[in-house]
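Hi everyone, thanks for coming.

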Amino acid sequence: MSKRDLKKYLSELNKEQLEEQLIELYEKFSPVKVYYDFVFNPKEDKLLQDAKVKISHEYFPIKKPGAKWRPRVKMRRSVAQKLIKHFIMLGVDAFVIADIMLYNIEIAQTYSSQNFIKQELFYKSIFNSFEQAVNFIVSNGIFNEYKLRINEIQQETLDQKWKNKYDFEAILEKIDY
């Protein structure tokens, strides 16, 4: 069904029928419920904190009380990417999205400063996250607000002697700031 057909169909419904359909969608489909819950009660701070906790647990998992073994470090970039995509879909403020994008990189750098990582894919993945974050921040016109954090991330790649440290620098050289 095209958007035009949908508009025509909806225009033929009365107010009560429209309300019934929306309630049915809300009850039947979880993404619709999540969307409306956010629209009417946008607790962006809580969403941000929950996302940061999930991302930090990828690098610094917490041992559950009574567990006999230590949880495994997963370092999955996909966890952060899914959260970021979800935030964008909900229409969360660009400042919140930028914050979580940069936090993802910062927590990975914190982990790598304390642990030797031999997988090249880790560094490439963090670079991809950095490039996406900078592009998002620039395209939303909020670079000046995040300039310091972005520069600190780039400096950390130099301090930790990452093999792809100059790729991070090259991203910043493309930007007129």
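Okay, let's begin inside. If you search the whole structure, you find one cavity of 30 Å³ or more. And remember as we go, this is a predicted model.

How big is the largest cavity? Its volume comes out at about 30 Å³. As for who lines the largest cavity, that's Q81, I84, M101, N104, S129 and Q132. Sort the lining by class and you get four polar residues, two nonpolar ones and no charged ones.

Now, those helices also turn up in the packing, so let's go through some pairs. In general, you describe two packed helices by the angle between their axes and the distance between the axes.

Start with α6 and its partner α8, which is residues 143-159. Their axes are 11 Å apart and the angle is about 20°. Angles under 35 degrees count as roughly parallel, so that makes α6 roughly parallel to α8. The crossing of α6 and α8 is left-handed. Which residues make the contact? On the α6 side you've got F95, A98, D99, L102, Y103, I105, E106, Q109 and S113. Facing them from α8 are E145, Y146, R149, I150, I153, E156 and T157.

α7 crosses α8 in a left-handed way. From α7, the contact uses F130, V134, I137 and V138, and from α8 it uses F143, Y146, I150 and I153. So what classes do we find in the contact of α7 with α8? Eight nonpolar residues, with no polar and no charged ones.

Last pair: α4, which covers residues 44-59, and α5. The angle between α4 and α5 is about 165°, with 9 Å between the axes. α4 and α5 are therefore roughly antiparallel to each other. Left-handed or right-handed, then, for the crossing of α4 and α5? That crossing is right-handed. In α4, the residues involved are L47, L48, A51, K54, I55 and E58, and they meet V79, A80, L83, F87 and L90 in α5. By class, the contact of α4 with α5 has nine nonpolar and two charged residues, and no polar ones.

Methods: Residues are numbered from 1 along each chain as its sequence is written. This is a predicted model: local features need pLDDT of at least 70, side-chain atom pairs count only at pLDDT 80 or more; totals for chains, interfaces and linings use all residues. Side-chain values use heavy atoms; hydrogens and water are left out. On a 1 Å grid over the protein atoms alone, a cavity is a set of points where a 1.4 Å probe fits but cannot get out, and a pocket is an open set with protein on both sides within 12 Å along at least five of seven lines; lining residues have an atom within 4 Å of a point. Grid points are joined across faces, edges and corners, and a volume is the space filled by probe spheres set on the points. Ala, Val, Leu, Ile, Met, Phe, Trp, Tyr, Cys and Pro count as nonpolar, Asp, Glu, Lys and Arg as charged, and the others, Gly among them, as polar. Axes are lines fitted to C-alpha atoms, for helices over the stretch in contact, and angles run from 0 to 180 degrees between N-to-C directions. Helices (H or I, at least four residues) and strands (E, at least two) are DSSP runs, numbered from the N terminus. Angles under 35 degrees count as roughly parallel, over 145 as roughly antiparallel, 65 to 115 as roughly perpendicular and the rest as oblique. A crossing is left-handed if the near helix is turned anticlockwise from the far one by less than a right angle, and right-handed if clockwise. Contact means heavy atoms within 4.5 Å.
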